[in-house]
Every structure is written in C-alpha cells, then in structure tokens.
Amino acid sequence: MSHCTNPTVLERVSDADLRADQRAEQLAEQHRAGAYPTAHVHYDLPGQAFTVVAPQGGASE
C-alpha cells in the first residue's frame, strides 16, 4: 500500500459493507484511468473507511 503525505481524498467507502475494499479498489482504478493516475486506497482506521486518495497535485493536467 502506498503512503502519501496530506493526500487528496477522492472517495470514502465505509467498511460496514463487506465488499468495501473491492469497491474502493474499483473506484481507485476509475480515478487512475481519469484525472488521477496515482490514485490508490488507504484505510482510515479512526473513520473505519477505505479512502481512495491521490497525492497533493496528483491530477493530470
């Protein structure tokens, strides 16, 4: 799993859904195909959610 400082959160998927990790990976893939080629998934322990993030300035121009 990649780690980045101060990432831009693109999506949040609650881990209450049994397939949340798969859904987050699908969303990250969609963002990578679009404006955020470096999008990836982090797990937000305090928020109990998977987050799709990109490094600051990660959008392609």
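Helices (H or I, at least four residues) and strands (E, at least two) are DSSP runs, numbered from the N terminus. On this basis the secondary structure of the protein chain comes to 1 helix and 3 strands, and along the sequence the pattern reads β-α-β-β. The model is predicted, so that local features need pLDDT of at least 70 and side-chain atom pairs count only at pLDDT 80 or more, while totals for chains, interfaces and linings use all residues. Residues are numbered from 1 along each chain as its sequence is written, and side-chain values use heavy atoms, with hydrogens and water left out.

The protein chain has 61 residues, of which 30% are buried; buried stands for under 20% relative accessible area, exposed for over 50%, and partly exposed for values in between (1.4 Å probe, protein chains only). Accessible areas come from the Shrake-Rupley method with a 1.4 Å probe; for residues, only the protein chains shown count as cover. Of the contacts (heavy atoms within 4.5 Å) between residues at least 6 apart in sequence, 53% join residues at least 24 apart.

The structure holds 1 salt bridge, defined as a side-chain nitrogen of Lys or Arg within 4 Å of a carboxyl oxygen of Asp or Glu. The salt bridge joins the side chains of Arg12 and Asp44, at 2.9 Å from N to O. This pair links distant parts of the chain, since Arg12 belongs to strand S1 and Asp44 to strand S2 (residues 40–44), 32 residues apart. Arg12 is partly exposed because its relative accessible area is 46%, and Asp44 is partly exposed at 21%.

Thr51 is part of strand S3 (residues 49–54) and counts as buried because its relative accessibility is 5%. His31 lies in helix H1 and is buried, with a relative accessible area of 18%.

A negative surface patch consists of Asp17, Asp21, Glu25 and Glu29. Patches are made of residues with over 30% relative accessible area and no salt bridge, like charges being joined within 9 Å and nonpolar side chains (Val, Leu, Ile, Met, Phe, Trp, Tyr) within 5 Å. Lys and Arg count as positive and Asp and Glu as negative, whereas His and the chain ends are not counted; a charge is placed at NZ of Lys, CZ of Arg, CG of Asp or CD of Glu. Asp17 sits in the loop between strand S1 (8–14) and helix H1 (20–33), and is partly exposed at 42% relative accessibility. Ala16 lies in the loop between S1 and H1 and is exposed at 67% relative accessibility. Ala16 and Ala49 are 33 residues apart in sequence, with 8.1 Å between their C-alpha atoms.

Positive phi values occur at Asn6, near 55°, and at Gln48, near 45°. Asn6 is in the segment before S1 and is exposed, with a relative accessible area of 59%. Gln48 is in the loop between S2 and S3 and is partly exposed, at 48%.
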